[in-house]
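Please read the points in order, with the structure at hand.

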Amino acid sequence: MTEHLDVAKLQRRLAEFAAARDWQPYHTPKNLVAALSVEASELVEIFQWLTPEESARVMDDPDTAHRVTDEVADVLAYLLQLCEVLGIDPLAALDAKIDRNERRFPAP
């Protein structure tokens, strides 16, 4: 299924999901940023007390891997919804940011 997914299609699915539940009034930039922060914090919580070595192996445990995957999905969902509401093309924004970083931090 993922072979046919793209950012725009996922954003449409998220918008349709929210519309079917009448959630659009709650999907303000402020609320989406807050939700994004909460979900990112839930991802941090999984790694919080792990050693660097343990964190590198976090996907080895199926239960933990499932939790990490779900939180990554939640973070991405809210980020994509925020981009949709604000009219940001997330891939173009990332591409431009990498360009700026390459100029700012040239390779030795």
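1. Gln11 is placed in helix α1, which spans residues 7-20; helices (H or I, at least four residues) and strands (E, at least two) are DSSP runs, numbered from the N terminus. With a relative accessibility of 11%, Gln11 counts as buried (buried means under 20% relative accessible area, exposed over 50%, partly exposed in between, with a 1.4 Å probe and protein chains only). Leaving aside residues up to four places away in sequence, Gln11 touches Leu80, Cys83, Glu84 and Pro90, where contact means heavy atoms within 4.5 Å.

2. On the basis of the model: it is predicted, local features need pLDDT of at least 70, side-chain atom pairs count only at pLDDT 80 or more, and totals for chains, interfaces and linings use all residues. Residues are numbered from 1 along each chain as its sequence is written, and side-chain values use heavy atoms, with hydrogens and water left out.

3. Helices α1 and α4 pack with their axes 10 Å apart, at an angle of about 90°; axes are lines fitted to C-alpha atoms, for helices over the stretch in contact, and angles run from 0 to 180 degrees between N-to-C directions. That makes α1 roughly perpendicular to α4 (angles under 35 degrees count as roughly parallel, over 145 as roughly antiparallel, 65 to 115 as roughly perpendicular and the rest as oblique). From α1 the contact involves Val7, Leu10, Gln11 and Leu14, and from α4 it involves Ala77, Leu80, Gln81, Cys83 and Glu84.

4. How do the axes of α2 and α4 cross, and at what angle? Helix α2 (residues 29-47) and helix α4 (residues 62-86) have axes that come within 9 Å and cross at roughly 160°. The two helices are therefore roughly antiparallel to each other.

5. Arg67 also belongs to helix α4. Its relative accessibility is 42%, so Arg67 counts as partly exposed. The C-alpha atoms of Arg67 and Leu43 are separated by 8.3 Å, although the two residues are 24 residues apart along the chain.

6. One aromatic pair is found in a search of the whole structure. Phe17 and Trp23 form this edge-to-face pair, 5.5 Å centre to centre with 70° between the planes; rings of Phe, Tyr and Trp (its six-membered ring) pair if their centres lie within 6.5 Å, and planes under 30 degrees apart count as stacked, over 60 as edge-to-face and the rest as tilted. Phe17 is partly exposed at 39% relative accessible area, and Trp23 counts as partly exposed at 37% relative accessibility.
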